[in-house]
Amino acid sequence: MALRKRLKIPRAPRPVRRLPQALIIGVRKCGTRALLEMLYLHPMVQKASGEVHFFDRDENYALGLEWYRSKMPLSFKGQITIEKSPSYFVTPEVPERVRAMNSSVRLLLIVREPVTRAISDYTQLRSRATPSAPALFSPGHPLPDAAKPFEHLAITPDGAINVAYRPIAISLYHAYLHRWLEVFPREQILVVNGDQLIEDPVPQLRRIEKFLGLEHKIGRKNFYFNETKGFYCLRNDTTDKCLRETKGRKHPRVDPAVVTKLRKFFVQHNQRFYDLVGEDLGWPE
Ligand code: A3P
């Protein structure tokens, strides 16, 4: 008999990889990375480091749950594992696949005022399409879409809103949320206000701790405002950390008439979203 057993020494708990009990499902450019990093300040939270894209990419989903588990961090019993892949929100197959894994998984949906989100999305797409690919910019070549002004992409030549333009389409939150609500009860989805997470993260994090059944641990001591970055940065006992420069980019100036037109267009769509979530997020009209 092993000495440990004979002396009745309890085994030290060993961390193992667990499937996530909570997912940040989107929406892209609404603060999904900030939210994950902020939650990771909690001692009972472990996070998958990259976006795993298990549920939205067929080639990954085909590898099965054991593959997904292998992408998860080690965690101790009682800790919550969280993964975020923002494209989960907009991919039709995902809600059903998530339910097949765990019908009581907790879902976090972070949203932001839709026109600002669309401009943020455009800013990211444009930054990926710029000068590193000089051939795209040589004379005689038409400008790639991402390099065109936002106004030309969001509004069609006849003055209509271009709902086929991805950054606009993704901001139509109700069009995707209704699919999730066909599969999960409303109480299983927490809507996080991304604009408020930027302004003052602590109250949003309190709501999330409660939703996840965690003790309140994340507080003002965990944040400091970085004037240069213009955003809150994170702090724990050992480190201070700001998000990378790809988070919190400067947005290009957009013609205010276009912003107003888009805000008007979104009024009825926002109302449909408020009706689905049972809450008015107060986005400007
Ligand atoms: P912008 O770069 O347009 O400002 P995501 O991680 O989903 O791609 O979201 C990126 C957005 O997170 C950023 O969009 C930024 O506004 C927001 N954000 C929220 N809190 C932040 C923080 N503390 N630091 C940096 N960005 C933050």
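Select α2 to begin: this helix is mostly covered, with six of its eight residues buried. Here a residue is buried if 20 or more other C-beta atoms lie within 10 Å of its own, exposed if 12 or fewer, and partly exposed in between, with C-beta atoms placed from the backbone. Helices (H or I, at least four residues) and strands (E, at least two) are DSSP runs, numbered from the N terminus. The buried residues of α2 are Thr32, Ala34, Leu35, Leu36, Met38 and Leu39.

The model is predicted: local features need pLDDT of at least 70, side-chain atom pairs count only at pLDDT 80 or more, and totals for chains, interfaces and linings use all residues. Residues are numbered from 1 along each chain as its sequence is written. pLDDT is the predictor's confidence in each residue, from 0 to 100; its mean for the protein is 94, and 94% of the residues reach 70 or more. The scores for the model are ipTM 0.99 and pTM 0.94.

Next, select Lys29, in the loop between β2 (22–26) and α2 (32–39). UniProt lists Lys29 under "active site" in an unreviewed entry; UniProt positions are given in the numbering used here, feature names are shortened, and annotations may be inferred rather than shown by experiment. Is Lys29 buried or exposed? Lys29 is buried, because 25 other C-beta atoms lie within 10 Å. Two residues are in contact if their C-beta atoms, placed from the backbone, lie within 7 Å.

Now show the largest nonpolar core, which has 41 residues; Leu23, Leu35, Leu108, Leu109 and Ile110 touch the most other members. β2, α2, α5 (94–101), β6 (106–111), α9 (173–183), β7 (189–193) and α11 (201–211) each supply at least two residues of this core. A nonpolar core is a set of buried Ala, Val, Leu, Ile, Met, Phe, Trp, Tyr and Cys residues joined through C-beta atoms within 7 Å.

Centre on Ile110. Apart from neighbours within four places in sequence, Ile110 is in contact with Ile24, Val27, Cys30, Gly31, Thr32, Leu35, Val192, Gly194 and Leu197. Then move to a second, separate core of 11 residues, including Ala154, Ile168, Leu262 and Phe265.

Finally, zoom out. The protein has 12 helices and 10 strands, and 30% of its 285 residues count as buried. Its C-alpha atoms fill a box of roughly 80 × 45 × 40 Å, taken along the principal axes. Of the contacts with a separation of 6 or more, 73% come from residues 24 or more positions apart.
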